[in-house]
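Trainee: I'd like to learn how to read this fold from its coordinates. Can you walk me through it?

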Amino acid sequence: TPEPTPTPAPTQTPTPVPLTNVYQKYGFKIELDQDATFATANLNINGWTDSVADEVQGLMTFDYNGANIVMFWQPQNGDTPQETVDLTYQLQQLGNPEQKYALLSEGALTIDGSDGRFVGFLTSDASGGNALGGLIGAWTCADSETQISLTATGPDSTALQIRFDRLILGFSCATD
């Protein structure tokens, strides 16, 4: 009679961590409103200066209750928050050359105890229609020397301002 074949021990598959309204990875934490989750926000994470995101660099995009969000992080390399805001604004213009851009406001921010800068802008098509607003903020996480840029765009200026403010208030440079 043939000997029975031993049954292999089952391998445990890790349970994926569910996406909630808090995202903690890559050396920072970002929080959405209680009624929103990253699971339903079309979250996309890629590398910014490399092929895959890590604690040094990355690009995160998602939808947040009426606002389109783009956030990237990279080494500070001596850049000021104002220089990063200016660069991000230029990237907006280069990425949408058919749009007209107008700066509306600029000023200082404080995010998780760090000084930052912001600009507000308006875009429209060549005929002045299809207007969208935008807010760009930039700051440095001092402990990791990581420069953060956060851009929120959308057609509703009130929703845009609320979402941008809540992201800034819900941001922490450390994940602990």
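Trainee: What should I know about the model itself?

Mentor: It is a predicted model, where local features need pLDDT of at least 70 and side-chain atom pairs count only at pLDDT 80 or more, while totals for chains, interfaces and linings use all residues. Residues are numbered from 1 along each chain as its sequence is written, and side-chain values use heavy atoms, with hydrogens and water left out.

Trainee: How many helices and strands are there in the protein chain?

Mentor: The chain has 2 helices and 10 strands. From the N terminus on, the order is β-β-β-β-β-α-β-β-β-β-α-β.

Trainee: Which strands pair with strand 9?

Mentor: Strand 5 (residues 67-75) pairs with strand 9 in the antiparallel sense over 8 bridges, with N68 opposite T153. Strand 8 (residues 132-141) also runs antiparallel to strand 9, joined by 9 bridges; there, G137 has L150 as its bridge partner.

Trainee: Is strand 9 mostly covered or uncovered?

Mentor: Buried means under 20% relative accessible area, exposed over 50%, partly exposed in between (1.4 Å probe, protein chains only). In strand 9 (residues 146-154), 9 of its 9 residues are buried. Both faces are covered, with T146 and I148 among the buried residues on one side and Q147 and S149 among those on the other. Across the chain's 176 residues, 40% count as buried.

Trainee: What about the nonpolar core?

Mentor: The general idea is that in soluble globular proteins, nonpolar side chains tend to be buried together. A nonpolar core here is a set of buried Ala, Val, Leu, Ile, Met, Phe, Trp, Tyr and Cys residues joined through side-chain atoms within 4.5 Å. The largest one has 31 residues, and I30, F62, M71 and F171 have the most contacts inside it. Strand 2, strand 4 (58-64), strand 5, strand 6 (100-111), strand 8, strand 9 and helix 2 each supply at least two of its residues. Apart from it lies another core, of 7 residues, including Y101 and V119.

Trainee: Which residues does I30 touch?

Mentor: Contact means heavy atoms within 4.5 Å. Leaving out residues up to four places away in sequence, I30 touches, among others, V22, F38, M60, L167 and F171.

Trainee: How do I read the edges of a sheet?

Mentor: Take the open sheet of 3 strands, with order 1-2-10 and antiparallel pairing. Strand 1 (22-25) and strand 10 (171-172) are at the edges, each with a single partner strand, so one side of each has no neighbour in the sheet. Strand 1 and strand 2 (residues 28-31) pair over 4 antiparallel bridges, and V22 stands opposite E31.

Trainee: Where does R166 sit, and what does it touch?

Mentor: R166 is in helix 2 (residues 157-169) and is partly exposed, with a relative accessible area of 39%. Not counting residues up to four places away in sequence, R166 touches E31, D33 and Y64. The C-alpha atoms of R166 and D33 are 7.4 Å apart, although 133 residues separate them along the chain.

Key: Two strands pair if DSSP finds at least two bridges between them.
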